[in-house]
Amino acid sequence: MGRRRQLYEGKAKILFEGPEPGTLVQYFKDDASAGNGAKKGIITGKGVLNNRISEHLMLRLHDIGIPTHFIRRLNMREQLIREVEIIPLEVVVRNVAAGSLSKRLGIQEGTRLPRPIIEFYYKNDALNDPMVSEEHITAFGWACPHDMEDIVALSMRINDFLCGLFMGIGIILVDFKLEFGRLFEGDNMRIVLADEISPDNCRLWDAKTSEKLDKDRFRKDMGKVEEAYQEVAMRLGILPEATNSDMKGPEVMQ
């Protein structure tokens, strides 16, 4: 693995300089965290699986006209992506009551919502990613009204498509988190899907048994976390074949 300059390290991924201007290399780690970093651990092989799952879903979304930052997968743990200006929002789309929604509103987990609900959270670890409204977002300049129109429209299209895709393999898409960025091409700017889509940021339940197939197994100490991620990959038809070199971490140039 070649030496490259590290630009950023998050809870689950590392970003490096890309081989060409306007590109980055996104490396998927096995590190897992919950409760805004309060709980930490390792899910063996998670980075390999998430890289493949996210690649598969990004390509499927591209096929229906959703613009994304994804260019191509480089190896078992890395993707080449377009460099974007990340909008500091987590966009959560909910189809079934679970997690914080159930706790906040006292709705029994598993209750089908009357329609998909979109929530926004300000990306700020120090503040524990507080929930915000579109009024907050536009007032503080995190995104303009036109940006928000694009974000909401894209989120609904992504949700419609992924709900059908997952239901086709016997999985309910309960809820999921999206991130978006601004892609600048000359004088033009467009909003594109960024980050990843994987069991790390989706709640995925087996359609027959309601068995959890996502990071909730880690959050709640349910066990068989690796097996749940593998099950999602298997149902999607993804068969990763990692080598020893793929499993090693990247060599960082200081």
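This is a short tour of a predicted model, stop by stop.

Local features need pLDDT of at least 70 and side-chain atom pairs count only at pLDDT 80 or more, while totals for chains, interfaces and linings use all residues. Residues are numbered from 1 along each chain as its sequence is written, and side-chain values use heavy atoms, with hydrogens and water left out.

**Helix H4**

Select residues 145-167, helix H4. Helices here are DSSP runs of H or I of at least four residues, strands are E runs of at least two, and both are numbered from the N terminus. H4 has 23 residues, so at 1.5 Å a residue it should span 33 Å. The expected span is 1.5 Å times one less than the number of residues. The end C-alpha atoms of H4 are 33 Å apart, which agrees.

Now colour its buried residues (under 20% relative accessible area, with exposed over 50% and partly exposed in between; 1.4 Å probe, protein chains only). Among them are Ile151, Leu154, Ser155, Ile158, Leu162 and Phe166. An α-helix has 3.6 residues a turn, so residues three or four places apart point the same way.

**The core**

Next, show the largest nonpolar core, which has 47 residues. Such a core is a set of buried Ala, Val, Leu, Ile, Met, Phe, Trp, Tyr and Cys residues joined through side-chain atoms within 4.5 Å. Ile158, Leu162, Phe166 and Phe180 touch the most other members. H4 gives the largest share of this core, eight residues.

Centre on Phe166. Beyond four places in sequence, Phe166 touches Leu57, Ile171, Leu173, Leu204, Val232 and Leu236. Contact means heavy atoms within 4.5 Å.

**H1 against H6**

Select 46-63 (H1) and 225-235 (H6). They pack at about 25°, with axes 10 Å apart. Axes are lines fitted to C-alpha atoms, for helices over the stretch in contact, and angles run from 0 to 180 degrees between N-to-C directions. The two helices are therefore roughly parallel, the term for angles under 35 degrees. Lys46, Leu49, Asn50 and Ile53 of H1 meet Glu226, Tyr229, Gln230, Val232 and Ala233 of H6.

**Two single residues**

Go to Ser33, in strand E4 (residues 31-34). Ser33 counts as buried at 10% relative accessibility. Beyond four places in sequence, Ser33 contacts Lys11, Lys39, Lys40, Lys215 and Phe218.

Finish at Pro67, in the loop between H1 and strand E6 (70-73). Pro67 is buried, at 18% relative accessible area. Outside four places in sequence, Pro67 touches Leu154, Arg190, Ile191, Val192 and Leu193.

How values were computed. Parallel < 35°, antiparallel > 145°, perpendicular 65-115°, else oblique.
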